[in-house]
Amino acid sequence: MPRILHAADLHLSDAEKDHGLAVFAELIETALRERVDYVVFCGDLFNTFADAEKLRADFRRMLGAPPFEFLYLPGNHEELQRGGGDLTRLDFGAATVLHTRPWELLRRDRGGVAVEFLAIPHQEQYQGYADWPVPAKAAPWRIALAHGVVAGMAYRGPDDEGGATAIDADLFTRFRADYAALGHIHGRRSQRIGGAIFSYPGSTRVWRRNETGPRGALLLELPSASAGTDTGLPEPRFIPFASAGEYRKYILPLTLEGEPADLEAQSKAWGAADYIEVAFTGVVEDERSAAASADRLRARYAARVRALDIDRTGVSALPGIASQPMVRQFLEAWEARAPRPGENGCVDVSAQAIWIRARELSLNLFKANLERLA
Ligand SMILES: [Mn+2]
């Protein structure tokens with residue numbers, strides 16, 4: 001029964017070398033511990049081509065000569081900062097690099113069951129795929145590898161990793177893939193379309209803000225042919241990586257004097273690889289007090305985590321606001337309406353967010369009115 005570890009979007013970079021390589025080490029350790037036959041890495045292993053050049057020696061050394069095959073499909077990020085360079089000329093050691101556009105088909109026989117890998121590297125568009133002369137499926141299992149957005153699997157908003165056109169899900173079902181091992185979308189998701197499982201494992205580490213939730217890889221176990229082909233594939237199992245860290249965001253209301261709410265209780269849950277974002281909100285007497293609070297927060301917590309971003313754009317200043325009795329009364333009344341923990345002992349996160357947002361909106365209204373009267 002072949003076992004496949006599926007990961008994508010590690011974005012190894014020279015700027016965050018130690019963190020990235022620690023996550024890569026955990027990927028390799030996981031593959032060894034789970035005794036997988038294949039690791040399929042579906043794009044954006046490196047953050048840029050320049051990073052691939054700088055870190056390929058570390059990659060080769062850490063991969064070594066593993067008992068599994070490491071299949072590496074380049075993504076769109078390996079094209080960035082490429083200059084005159086060529087990824088196909090770089091040595092990635094034991095890895096099998098799947099460069100060939102628009103596709104290539106590999107047949108392997110590890111784990112006692114034949115598996116075909118249909119590799120589709122990142123490309124600008126996938127039109128004409130219906131004419132690709134992909135041979136008919138001739139093994140119990142066919143795994144397709146691709147790096148891009150499968151139509152219908154992502155909201156393609158303004159903050160999206162953009163560039164290429166979407167890939168039609170029909171490309172995978174037409175060529176009878178049982179599993180589409182995907183990369184590019186950094187949020188983990190899995191769905192069945194036309195008898196195949198389409199999965200994004202999500203980024204292997206927190207690459208940028210808003211990548212919430214645990215990060216890791218998917219483990220897929222291919223049943224032996226007789227049991228499998230009738231019943232279809234079992235869902236892949238998610239394996240979280242401790243070294244990957246988590247993104248955590250806190251919205252902290254400032255007092256009129258620029259003091260933030262206390263973070264000590266929340267900070268107990270932070271790990272060294274976590275990416276923490278703190279957004280200050282509120283109206284203060286003097287903006288410099290908010291800057292000083294940010295400095296104090298940084299001095300206290302920055303060294304404990306991988307990244308600590310403090311966003312002060314939600315803070316505005318209005319000299320004299322602290323002496324307004326109506327504002328003081330509002331804040332007292334607001335404080336008294338803090339959402340209380342429910343029966344499970346936890347405060348409802350959305351109630352908390354609404355409560356904090358109400359403070360922000362009200363203070364901005366006070367500010368607008370006070371400015372109008374001034
Ligand atoms: Mn990516």
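How many Å apart do the C-alpha centres of domain 1 and domain 2 lie? In this predicted model, the separation between the two centres is 40 Å, where the domain assignment of the protein chain places domain 1 at residues 3-244 and domain 2 at residues 247-373. Contact between the two is made by eight residues of domain 1 and six residues of domain 2, and the side of domain 1 that touches domain 2 is made up of two nonpolar, four polar and two charged residues.

The largest nonpolar core has 85 residues, and those with the most contacts inside it are Phe41, Leu71, Ile143, Ala144, Leu145 and Ala180. Strand E14, residues 275-284, gives the most to this core, with six residues. Because domain 1 (3-244) and domain 2 (247-373) both give residues to this core, it lies between them. Ala144 illustrates the packing: apart from its neighbours within four places in sequence, Ala144 is in contact with Leu118, Ile120, Phe172, Phe175, Ala177, Ala180 and Ala181.

Some details of the backbone also deserve a look. Most residues other than glycine have a negative phi, and most peptide bonds are trans. Asp9, in the loop between strand E1 (3-7) and helix H1 (17-33), has a positive phi near 55°, and His184, in the loop between strand E8 (179-183) and strand E9 (189-193), has a positive phi near 120°. Asp9 is buried, because 27 other C-beta atoms lie within 10 Å, and His184 likewise counts as buried, with 27 C-beta neighbours inside 10 Å. Finally, the peptide bond that joins Arg101 and Pro102 is cis, with omega about -5°, and Pro102 lies in the loop between strand E4 (96-97) and strand E5 (104-108).

Conventions: Residues numbered from 1 in each chain as written. Predicted model: local features only at pLDDT ≥ 70, side-chain atom pairs only at ≥ 80, totals over all residues. Domains from an automatic or database assignment. Contact = placed C-beta atoms within 7 Å. Nonpolar A, V, L, I, M, F, W, Y, C, P; charged D, E, K, R; others polar. Core = buried A, V, L, I, M, F, W, Y, C linked by C-beta atoms within 7 Å. Buried ≥ 20, exposed ≤ 12 C-beta atoms within 10 Å, placed from the backbone. Helix = DSSP H or I, 4+ residues; strand = E, 2+ residues; numbered from the N terminus.
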